[in-house]
Every structure is written in structure tokens, then in C-alpha cells.
Amino acid sequence: MNESGNKKRSADENCGCVPVDGPIRVAVITLSDTRSRDNDRSGDRIVDLLKSAGHQLVQRELIRDEPQQLIELLDAIIAQGDAQAVVTTGGTGLAARDQTIDAIQRILDAELPGFGEHFRRLSIDEIGPSAMLSRATAGRIGRTMIFCLPGSTGAVQTGVQQCILPILRHTVGLVWDDAKSESDRKDISSRR
């Protein structure tokens with residue numbers, strides 16, 4: 001119940017969207033200059049949490065935090081049409097090498113500012129004011145949802161459990177119609 005005594009509604013209640021049956025198909029991308037598949041605990045945690053919630057991993061990648069490489073990978077994932085959502089981990093900070101958010105924001109069709117705001121609010125409760133240094137964000141590219149989380153395992157845990165999973169089915173229901181639209185296939189690298 002919320003503060004006024006009313007029951008909290010789920011994201012799907014009365015939204016008017018068509019519910020998505022079955023597992024959501026998700027790609028996971030780790031952006032790091034130092035990690036390998038052997039020590040990518042944050043990527044592993046995302047996969048575990050998504051699978052535990054009944055969703056399907058369709059692709060997993062680990063790349064350097066290089067904007068062009070990320071854009072090309074997203075272009076390929078979206079063109080294949082298998083992933084309804086993409087979750088990234090890493091590259092959301094303020095260091096010069098943290099370029100994930102800059103690259104993503106250039107190619108988003110729609111940004112969800114509330115996602116990052118909610119993530120930072122939860123993170124402040126967990127780790128204090130340093131949570132404000134994260135530029136975690138989410139949005140839509142064509143009909144594919146993208147969620148960008150920091151690289152720490154704790155941030156991934158919070159982000160997936162408390163930010164992504166509660167809205168994943170709802171957001172995919174709003175933007176996905178299982179048909180490969182022309183907007184899904186267009187070359188996102190030309191949006192730079």
C-alpha cells in the first residue's frame with residue numbers, strides 16, 4: 001500500500017498495452033576495458049537474475065567501452081530482431097573512458113529519465129551520495145528497450161531487481177509487436 005492507504009498498482013494494470021506472454025528475449029552487454037568472460041561477475045549476475053525471473057538470454061557480449069563498437073553491436077542486435085530488450089553494464093560513470101551513456105543517448109529514439117532517477121534514489125539509500133555519480137539510463141531504440149547499468153555487482157543487483165524487472169514486461173508490451181519493422185532494421189550508426 002502507498003502512503004494514502006491505496007494498494008500500489010502493477011505496471012501492467014490499466015495500461016492499455018498488450019501483455020507479452022512468455023519470456024522476454026534479452027541481450028546482455030558488458031562494457032569494460034579490464035574484465036573478461038571469466039571475471040565478469042556483473043554480467044553473470046544480470047543473466048542469473050533475468051533467467052530466474054523466467055526471461056531468455058538471446059545474446060551475451062563483452063566489449064571495450066568504445067562508442068563505435070557499442071553502436072555497431074547494438075545495430076547488429078537490433079537488425080537480427082531477436083532481442084526485445086538489451087541490458088548493458090559498465091561505462092556509466094564520469095571518467096573519460098566511461099562513454100556508454102554518451103553513445104547510447106545519441107541513438108535513442110526515446111529516453112526514460114525516470115529510470116535513472118529511480119535507480120539513483122534507490123542507490124542513495126544503499127551507498128549514499130556517491131550514487132549521484134552514476135548516469136544509469138534507459139530508453140528505446142526502434143522497438144528494442146535498452147537499460148544501462150553501472151558495472152558494480154551491487155548496482156546490477158539493485159538495477160535489475162528493483163528497476164528493470166518491475167517494468168520489463170510492461171515496457172516491452174508497449175513497444176514490441178513481434179514484427180520486424182523498418183525502424184528496427186534501419187542503420188543506427190547513421191544517427192551519430
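Which hand does the crossing of H1 and H5 have? I opened the notebook with that one, and the crossing turns out right-handed.

**Ground rules.** I am working on a predicted model, where local features need pLDDT of at least 70, side-chain atom pairs count only at pLDDT 80 or more, and totals for chains, interfaces and linings use all residues. Residues are numbered from 1 along each chain as its sequence is written, and side-chain values use heavy atoms, with hydrogens and water left out.

**Entry: H1 and H5.** I looked up how H1 (41-52) sits against helix H5 (residues 153-175). Helices here are DSSP runs (H or I, at least four residues), strands likewise (E, at least two), numbered from the N terminus. The axes of H1 and H5 come within 10 Å and cross at roughly 30°; axes are lines fitted to C-alpha atoms, for helices over the stretch in contact, and angles run from 0 to 180 degrees between N-to-C directions. H1 and H5 are therefore roughly parallel to each other (angles under 35 degrees count as roughly parallel, over 145 as roughly antiparallel, 65 to 115 as roughly perpendicular and the rest as oblique). As for the hand, a crossing is right-handed if the near helix is turned clockwise from the far one by less than a right angle, and left-handed if anticlockwise. From H1, the contact (heavy atoms within 4.5 Å) includes Arg-41, Arg-45 and Leu-49; from H5, Val-156, Val-160 and Leu-168 are among the partners. I sorted the contact residues into seven nonpolar, four polar and two charged. For the classes, Ala, Val, Leu, Ile, Met, Phe, Trp, Tyr, Cys and Pro count as nonpolar, Asp, Glu, Lys and Arg as charged, and the others, Gly among them, as polar.

**Entry: H2 and H3.** Next I checked helix H2 (residues 67-80) and helix H3 (residues 100-107), which pack at about 45° with axes 9 Å apart. H2 and H3 are therefore oblique to each other, and H2 passes H3 in a right-handed crossing. H2 brings Pro-67, Leu-70, Ile-71 and Leu-74 to the contact, and H3 brings Thr-100, Ala-103, Ile-104, Arg-106 and Ile-107. I get seven nonpolar, one polar and one charged residue there.

Entry: I found one cavity of 30 Å³ or more. A cavity is a set of points on a 1 Å grid over the protein atoms alone where a 1.4 Å probe fits but cannot get out, and lining residues have an atom within 4 Å of a point. Grid points are joined across faces, edges and corners, and the volume is the space filled by probe spheres set on the points. The lining is Val-26, Val-47, Leu-50, Lys-51, His-55, Gln-56 and Leu-57. H1 gives the largest share, three residues. By class, I noted four nonpolar, two polar and one charged.

Key. On a 1 Å grid over the protein atoms alone, a cavity is a set of points where a 1.4 Å probe fits but cannot get out, and a pocket is an open set with protein on both sides within 12 Å along at least five of seven lines; lining residues have an atom within 4 Å of a point.
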